[in-house]
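Here's a walk through one structure, taken a piece at a time. Keep the viewer open as you read.

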Amino acid sequence: MIKTVIRLAAIVPLAIAAEASARDQIRIVGSSTVFPFATAVAEEFGKTTSFKTPVVESTGSGGGLKLFCAGVGVNHPDVTNASRRIKKSEVDRCHKNGVAGIVEVKVGYDGIVVANSKKTGQLQLTRRDIFLALAKNIPAGEGKWVPNPHKTWKDVNASLPATKIEVLGPPPTSGTRDAFAELALEGGCKTFKWVKAMKKKDKKAYKAACHTVREDGAYIEAGENDNLIVQKLEANPNALGVFGFSFLDQNADKIQGSLVDGKAPTFENIADGNYPVSRPLYFYVKKAHVGVVPGIKEYVAEFTSDKAWGDEGYLTDKGLIPMPMDERKMFRSNSANLENLSM
Amino acid sequence: MTDIAETRTTPLAAGRAADRIRKRYAAERRFRLYGLVAVCVSIAFLALMLLSIVSKGYTAFQQTMVYVDVHLDESVIDPKGSRNADDLARANYGALIRKTVAGLFPEVSGRRDKRKVRKLLSPGATYDVRAMVMDDPSLIGKRISLWVPASDDFDQLLKGNIRRDVPESDRRVSDKELAWIDSLMEKGLVEKQFNTRFFTAGASQEPELAGILGAAVGSFLTLLVTFLVSFPLGIMTATYLEEFAPKNRWTDLIEVNINNLAAVPSIVFGLLGLAVFLNFFGLPRSAPLVGGLVLALMTLPTIIITSRAALKAVPPSIREAAFGMGASRLQVVVHHVVPLAMPGILTGSIIGMAQALGETAPLLMIGMVAFVADIPTGFFDPATALPVQVYLWADSAERAFVERTSAAIMVLLAFLFIMNLFAVYLRKRFERRW
């Protein structure tokens with residue numbers, strides 16, 4: 001009796017593993033920012049080809065790369081989306097687990113907007129204003145830092161209104177937050193000359209000073225749900241919100257994006273690279289799975305076709321900001337030839 | 001005795017006694033009032049929640065449709081005339097729709113405008129026409145009329161979620177598009193119809209094509225596994241611990257552990273599932289089987305604890321009477337105690353299952369928080385669950401997903417309601433009075 005039970009227990013997972021080895025469906029993981037784009041491509045791919053519709057999981061950029069780099073084989077995903085570039089440490093991890101060939105495809109840009117309700121005026125911010133309003137410590141003379149004393153926007157910059165600083169934004173686990181810290185906060189931080197000089201001497205201290213967000217209630221972590229932030233902005237006209245461009249695009253009747261360094265967060269400004277707070281989006285393909293799991297090459301071809309990621313492709317309807325033509329061409333041919341990632 | 005009583009009931013004392021009685025009645029009235037207020041407040045909250053969900057979501061059950069004539073041109077669909085299913089599937093149905101739209105708006109010229117006017121129809125129009133041709137290839141060459149879904153912006157405009165009275169720059173529908181829509185409506189080609197697609201389709205990134213069936217089937221398969229695993233295991237554990245196990249340090253330890261497990265946050269079970277079912281046993285990701293097993297682990301403690309309470313509530317006289325008639329221990333338990341405890345056990349199970357139905361956290365770890373377009377057909381197919389669909393839609397940028405989120409919540413509540421109804425029916429059948 002016990003023997004049969006043991007035998008059964010040994011056979012069942014084997015039988016399942018055998019079934020799993022015949023996977024005929026692409027598995028995609030990764031960033032929640034790229035998720036709506038990847039799913040749109042997956043859906044189109046599933047409806048117009050004879051392949052099954054890929055399964056797309058929303059795990060976050062870091063979580064996706066962790067799964068992606070865990071190994072080669074049908075239990076591991078074929079593609080991972082990321083709202084930032086893969087890190088050196090992640091590439092090393094991939095190599096250690098036998099994932100040697102990785103193809104990098106940049107898909108386009110995403111703007112991060114600082115928006116408020118239409119019931120109040122549009123703000124004209126600079127990156128320096130954003131840094132001085134939201135950093136935990138701000139510079140007070142050469143080499144000195146003081147805890148952020150600013151209570152209202154007027155304290156930060158005399159030309160701004162005297163409303164309380166209240167910014168709703170994503171939590172630290174989010175890729176949007178990382179990008180916001182790097183582009184907006186650090187961008188403002190760098191405008192202090194001696195801080196910029198610090199970067200060369202002590203990179204760690206520089207990053208800590210420039211990326212740390214204040215924790216006294218002025219910056220409110222509103223969870224990963226951007227729709228929620230939009231709703232809260234409507235209820236509280238004095239608050240600002242930080243989120244992706246597509247949510248501004250969909251809710252243009254309720255909210256307006258603040259100008260950053262004199263540039264409005266419009267589709268054109270982000271595409272031209274004039275708007276300073278925008279970041280590239282990527283996906284990574286596991287070379288070892290191409291040809292093993294059917295359809296990967298065709299999926300990549302669909303994603304990189306002009307009818308998807310082009311200037312008038314269906315991804316721009318979803319809020320993706322397309323790359324310039326040359327860059328698109330380069331990434332299309334690189335991905336079609338499965339060229340390895342070079343850091 | 002009467003003497004003493006008489007001497008004590010002086011008029012003063014009688015007055016005080018009456019006072020005390022009045023106070024006691026007043027206290028009771030107050031207590032009842034508090035209870036009534038508590039009930040009213042909870043009903044008010046429930047009503048508020050339902051009202052906000054229904055008022056936001058009921059519009060999702062209707063979808064704006066446009067009536068179009070499509071000429072199924074043989075030279076486009078099947079130029080070779082082979083009627084080969086593969087060729088038919090791959091044909092360019094988009095071109096047919098483009099021609100149809102151009103026929104509706106002959107005055108529209110320019111690449112940009114042509115593209116915009118095509119956008120009034122959902123990409124679903126193309127899929128619908130293709131499905132019709134695949135079903136019945138004899139239609140090729142004919143002219144067919146059908147209702148196709150309008151795009152989400154068109155739909156939201158008609159439902160009043162995109163307002164006409166704001167400046168053009170603040171609207172997702174431009175003045176030009178408004179004019180086109182108005183001309184379509186004047187011709188009587190636009191109609192709001194019952195949104196069947198919402199109940200028959202899987203997930204989609206296009207709000208007007210998105211449906212709840214995939215998630216509902218996923219939830220059903222997952223909960224089936226959960227029930228099949230946790231119900232027998234739970235009852236057996238509870239019966240053994242309550243009726244057969246000796247009371248010693250080991251059983252105490254087990255009991256403490258079960259109680260602790262009931263309080264473990266659900267995400268921990270997800271991590272356990274990832275480590276054991278996926279990494280060790282190599283089960284596929286996103287499968288309802290794995291989701292069901294993880295949720296079964298989560299609901300087991302709840303079922304065990306409530307089952308034990310139900311078994312304990314069976315009067316000892318029943319057991320003694322059965323023993324008195326010469327029944328064995330097994331007969332006492334199986335014939336008398338467990339059937340009598342069944343209503344309580346079922347109540348506990350349904351609470352556990354309802355909890356499992358609403359969980360997303362453990363499913364995140366095993367890959368069920370995903371976009372799955374195909375409707376799952378088995379326990380190994382990738383699937384999502386209803387609460388996951390609610391979460392994913394709530395997180396989508398498109399305005400049209402707001403009403404669909406509320407509609408999905410309504411479907412989730414209906415699912416729960418049916419489950420509860422079934423349990424109440426079973427409970428009524430087993431219920432016995434003594």
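This is a predicted model: local features need pLDDT of at least 70, side-chain atom pairs count only at pLDDT 80 or more; totals for chains, interfaces and linings use all residues.

Two helices of chain A, H8 (193-201) and H9 (203-211), each put in at least two of the patch residues. The top contributor is H8(A), which gives three.

Residues in a patch like this have no salt bridge, but there are salt bridges elsewhere: the count over all chains is 43. One of them joins the side chains of A:Lys52 and A:Asp24, at 3.6 Å from N to O. This pair ties together distant parts of the chain, 28 residues apart. A:Lys52 lies in the loop between helix H2 (35-48) and strand E2 (55-57) of chain A, while A:Asp24 lies in the loop between helix H1 (2-20) and strand E1 (27-30).

Now hop over to chain B, where three strands make an open antiparallel sheet in the order E2-E1-E3. Strands E2 (143-149) and E3 (190-194) of chain B are the edges, each pairing on one side only. From one strand to the next, the twist averages 40°. Strand E1 (residues 62-71) of chain B is joined to E2(B) by seven bridges, with the two running antiparallel. To see where they line up, pick B:Asp69: its bridge partner in E2(B) is B:Ser145.

Note on methods. Residues are numbered from 1 along each chain as its sequence is written. Chains are lettered from A and ligands numbered from 1 in the order in which they are written. Side-chain values use heavy atoms; hydrogens and water are left out. Two strands pair if DSSP finds at least two bridges between them. Helices (H or I, at least four residues) and strands (E, at least two) are DSSP runs, numbered from the N terminus. Axes are lines fitted to C-alpha atoms, for helices over the stretch in contact, and angles run from 0 to 180 degrees between N-to-C directions. A salt bridge is a side-chain nitrogen of Lys or Arg within 4 Å of a carboxyl oxygen of Asp or Glu.
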